[in-house]
Amino acid sequence: MKYKILVINDPKELMFGIAPNPVKTRRGLEIGGGQVYAELNFTLPVMSINNSTLAQVYTHYREIAEGALEHALHMNSKGIVLEFETLLEMTKTPSIGVEIVKIMNGVCENYYQKHGLSSEIRLTPNDLREFERPARQRSSQHLEPMMELFEQGMIAGGDLLSIESTGGKEVSDEALMMCDVKGMVFALAVLGVRDMHFLWEKIVGLANKHGKIAAGDSACGFANTAMVLAEKKYIPKIFATIVRVISVVRSIVAMEEGAIGPDKDCGYEGPFLKAITGIPISMEGKTAACAHLSPLGNIASACADLWSNESVQNIKLLSGMAPTAYLEQLEYDARLMNAALHAGKVHSHILQQLLVASDIYTDPQALILSPENVIRISGELVKGDSYVANAKNGALAALDIIEEALLSGKMKLPELETGYLPILRDDLNSIPDNESEFIAMMLPLLDETKFTLAEYGL
Amino acid sequence: MEDLLVKLLEAVEFGKVDKKSPYPPQLRDMDGAHELTISAIEAGIKPQIILEEALIPAMSKVGKKFAECKIFVPQMLMSARAMGASMFQLKPFFASGAIKTKGTFIIGTVKGDLHDIGKNLVSMMVEGGGWSIVDLGVDVGSDKFVEALKNNPGAVVGLSALLTTTMVNMGEIVSTIRVHAPETKILIGGAPVTAEFCQNIGADFYAPDPQKAVEYMNLLAS
Ligand code: B12
């Protein structure tokens, strides 16, 4: 791993709105440059996407963008990001995705020219390679439309580029359900890391060619799947916590390849990435309840530079359209954080402490997101010589932190959960630091019909 | 004889696949579902009895514990594997017609959608409830459902969708099935799906979770 030391060593420096390496955008946002902006995520209501509905689809996105920007203006917003997380048809047929970017960029430009309101579009195509099993990560024909949407979409005005890539998911899907931590390390730190190198080299290349911003990748398909399963009490929260930490070594590869942030909102590994690399990050928490429940509503914002929701359908609520309503909530949260930042370090720390204190001991997944714990775990995530060793060390540090919180009586977990602590620790300790040894150990244990090593360059 | 069934029930309930399996620790070195099923067949216990008095009650206990949040999915999966080991031994008796399941359940995630965790859980629980499963996987269009119904006449169908833009495909699948096999019972589920939607598209039952699906299917079978 390229990173050997942390850019942020002091938990006090891990603060919302402030990143050591802020990102400036075309229409004047300075993400991580001293204030928090809202990042709105939205989606279509129940409908099909086909030739006969395309006009309706475009109208939805135009109305979402106009509704959000008009309200942002009304609320005196300092700027917002619109996240366009495409639906499959929009990546499969890139011209649809590009058209939507064009429409929304037109709206953004209009508000910028007329009212000086800054906004940008984050473009998040789908990883279509998931449609093939075993996945053909490198030779898949699906790569073509994905890359075309990235390139044509950025030319059309999508300035921040992200994806929720899925390399290793064919192994992690089963490992998650079996609470198989070795399988998760293999999926994320061996397969995921390799696929991230492959994919992000391309994305960064395109971004540099067109002067756009390679932002970052979220381990959504791994760690958020774990979080949602834990929320449903299907797998232990402790396991989901460990998966989150392991996912850092996979998501950081985007930065190693040249991505500069803001990392994507649903990647709750963001705080670790910020501590290690200094990039700004987007986070979502209580505001994502429209799409999925979570145990870290407040603490997720402790060091966010963009504050986001999750896909909210464009449906009418009593107040107005749902995306506009969510923009308002995000904007109020951002205002509060910005007021604290303007009042000075003492105030921003008090606000941060409250955000942390209100969640920290309610769930191990919240626990690891406190700035102190993020820095402590991040230190372990960079000290080894391989991604595998780093994943293992980070996960062990998280287990230590969970055990300390239990021992001190500050956090309580049922026996059904704590029973997994020794199992996970033993499993992690059985992982060799050396990657080749680890691969040799895992191959006989895995169903090799499910993935193709060559597609990961192995 | 009774004793063997009790032991098999316990092996499946706690997920003991075979003797060499280290899981669960409390049953280490004891016979698992594999050995106990062989012994039960050798002891002359009717396969139908093995199914109805050991396997199905074991999985129903597992399902109940899961519904009450007393176990996690991995434990349930281990039980499913243990049941699988037992079913493998019973396979010849299914083929000869000596035992019958409650029926066949064809399940799939609809066209355009790849979310399959929920679908897999439903299929596992329904199987544990004593049904044969035909899992069509993800991204499944109406043609595949119709074909599977041709191969398994009278089967119950389950559709899963997690996206607001793919749940609409359920409507098309239901209508196509109604043309080819109008009597088919169709269950639907997935995060954005509702009972109202179920009614609108003419499906038969909406279940928010696997337990409700199993309860409904047991009513169908009874
Ligand atoms: C995990 C997840 C993923 C994983 C899926 C992993 C997998 N192998 O399935 C990954 C990361 C790959 C993924 C991908 C995508 N996802 Co997704 N995903 C989720 C998430 C967070 C949880 C789904 C889940 O597994 N839940 C746990 C299971 C156990 O619950 P369940 O599926 O609801 O099933 C239960 C019940 O519904 C019921 N049930 C389910 N099926 C059936 C069937 C029958 C017959 C019955 C009776 C019952 C039943 O029983 C199950 C057990 O209790 C949801 C959020 C949500 N609110 O659901 C988003 C969500 C559904 N995804 C979303 C999106 C946008 C996507 C992507 C397009 C993202 C992208 N940028 O690429 C892709 C699309 C991929 C595709 N083609 O389908 C959006 C949907 C927005 C919309 N317009 O509808 C959501 C709401 C999240 C968000 N971003 O806001 N996703």
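Predicted model: local features only at pLDDT ≥ 70, side-chain atom pairs only at ≥ 80, totals over all residues.

Residues are numbered from 1 along each chain as its sequence is written, chains are lettered from A and ligands numbered from 1 in the order in which they are written, and side-chain values use heavy atoms, with hydrogens and water left out.

Reader: What radius of gyration does chain A have?
Author: The radius is taken over C-alpha atoms, and the globule rule is 2.2 Å times the number of residues to the power 0.38. Because chain A has 458 residues, a compact globule would come near 23 Å, and the value for chain A, which agrees, is 21 Å.

Reader: Which helix gives the most to the lining of the largest cavity?
Author: A cavity is a set of points on a 1 Å grid over the protein atoms alone where a 1.4 Å probe fits but cannot get out, and lining residues have an atom within 4 Å of a point. The largest cavity has a volume of about 40 Å³, a volume being the space filled by probe spheres set on points joined across faces, edges and corners. Helices are DSSP runs (H or I, at least four residues), numbered from the N terminus. With three lining residues, the one that gives the most, spanning residues 237–256 of chain A, is helix H8.

Reader: How many contacts, as a percentage, join residues 24 or more positions apart in chain A?
Author: Contact means heavy atoms within 4.5 Å. Among contacts in chain A with a separation of 6 or more, such residues account for 74%.

Terms used
1 Å grid on protein atoms, 1.4 Å probe; cavity = no way out; pocket = protein on both sides within 12 Å on 5 of 7 lines; lining within 4 Å. Helix = DSSP H or I, 4+ residues; strand = E, 2+ residues; numbered from the N terminus.
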